[in-house]
Amino acid sequence: MRVAILDDYFDTLRTLDAFSKLETHSVTVWTDHVQDLDALASRLDDAEALVLIRERTHIRGPLLERLPNLRLISQRSVYPHIDIDACTRLGIIVSSDMHAGTPSFAAAELTWGLVLAAMRMIPQQVASMKAGRWQTAMGRTLLFKTLGVYGYGRIGKVVAGYGKAFGMEVMAWGTEGSLSRAREDGVATAASREAFFSQCDIVSLHLRLVDATRGLVTAEDLAAMKPSSLLVNTSRAGLIEPGAMVSALQAGRPGYAAVDVYEEEPMLDVDNALLKMDNVVCTPHIGYVTRDEWEVQFADVFDQINAYAAGTPTNVVNLDVLDHTRPLPATS
């Protein structure tokens with residue numbers, strides 16, 4: 001099959017052991033990010049299978065209608081960036097392993113790295129030394145402080161465990177299902193939403209971005225946080241009400257933030273307000289970007305392509321499409 005891979009920013013997939021799973025296919029890798037409709041239609045004109053790296057590129061109806069050869073979209077995790085209805089209408093299978101039982105330890109580890117970096121002001125101290133200065137600020141320890149985990153799911157549970165290992169009190173908030181899971185694990189739950197934001201020294205967000213969670217964290221929630229508190233977001237920027245985080249940080253509640261996700265990605269604007277703030281640590285959406293994690297993730301993605309080529313598609317999101325799929329290519 002002719003396979004196209006989008007948004008492999010620094011040409012990593014070809015270096016993975018898992019890439020050998022595509023050795024019988026003709027593969028084209030694009031390392032830059034393009035969202036322009038005409039440019040994408042030109043790039044993907046002859047593609048029979050499309051590999052997406054999470055939600056880096058939006059795949060909507062107008063584009064899909066210009067891709068008559070496309071038969072399969074293969075990726076991992078959630079798919080708010082894909083027009084599933086259009087795929088079904090056009091006979092295009094979407095395969096996505098939802099990895100329900102396998103937390104992203106890479107994302108959890110980065111979350112904890114950001115917690116430590118922000119609390120001990122590590123980036124600021126490194127910058128100080130590079131500028132020929134010595135100590136310029138005083139950080140804070142984690143021991144006995146309260147870690148708030150908003151969304152006690154696969155990743156939130158791991159982050160909560162890290163908090164306990166550092167001697168922190170851990171408090172959970174979220175849906176009733178989330179709270180129930182936390183209680184089963186012996187994790188305290190907040191008495192109310194206001195209590196969660198006002199009592200926690202660190203609030204870490206671990207929710208999927210769907211219609212129900214978009215803008216879930218409001219300006220009022222952030223205003224309830226302590227001036228000494230830290231907000232960490234390694235999930236999705238859209239979980240926070242647009243503009244609320246910058247305004248809250250400027251107002252001093254919370255006093256600090258560590259973020260790995262942004263409304264528009266890749267975020268290349270050096271004048272972005274978050275990058276200008278000394279009380280914010282920013283990373284370029286690297287939560288799941290480790291070699292170990294990608295070996296696991298893309299083994300699944302490439303297996304889905306081979307399963308389709310063999311006539312047995314797996315992890316099909318749009319099951320209704322199976323009644324009218326585009327025919328398999330003549331050669332694989």
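These questions and answers look at salt bridges in a predicted model.

Guide: In this predicted model, local features need pLDDT of at least 70, side-chain atom pairs count only at pLDDT 80 or more, and totals for chains, interfaces and linings use all residues. Residues are numbered from 1 along each chain as its sequence is written, and side-chain values use heavy atoms, with hydrogens and water left out.

Visitor: Why is the pair Glu48 and Arg2 called a salt bridge?

Guide: A salt bridge needs a side-chain nitrogen of Lys or Arg within 4 Å of a carboxyl oxygen of Asp or Glu. The closest N and O atoms of Glu48 and Arg2 are 3.4 Å apart, so the pair counts as a salt bridge. Glu48 and Arg2 lie 46 residues apart in the chain.

Visitor: Why is Glu48 called buried?

Guide: Buried means under 20% relative accessible area, exposed over 50%, and partly exposed in between (1.4 Å probe, protein chains only). Glu48 has 6%, so Glu48 is buried.

Visitor: What are Arg193 and Asp221 called, buried or partly exposed, and why?

Guide: Arg193 has a relative accessible area of 25%, so Arg193 is partly exposed. Asp221 has 8%, so Asp221 is buried.

Visitor: What joins Arg2, Asp46, Glu48 and Arg71 into one network?

Guide: Salt bridges that share partners join these residues. The structure holds 15 salt bridges.

Notes: Helix = DSSP H or I, 4+ residues; strand = E, 2+ residues; numbered from the N terminus.
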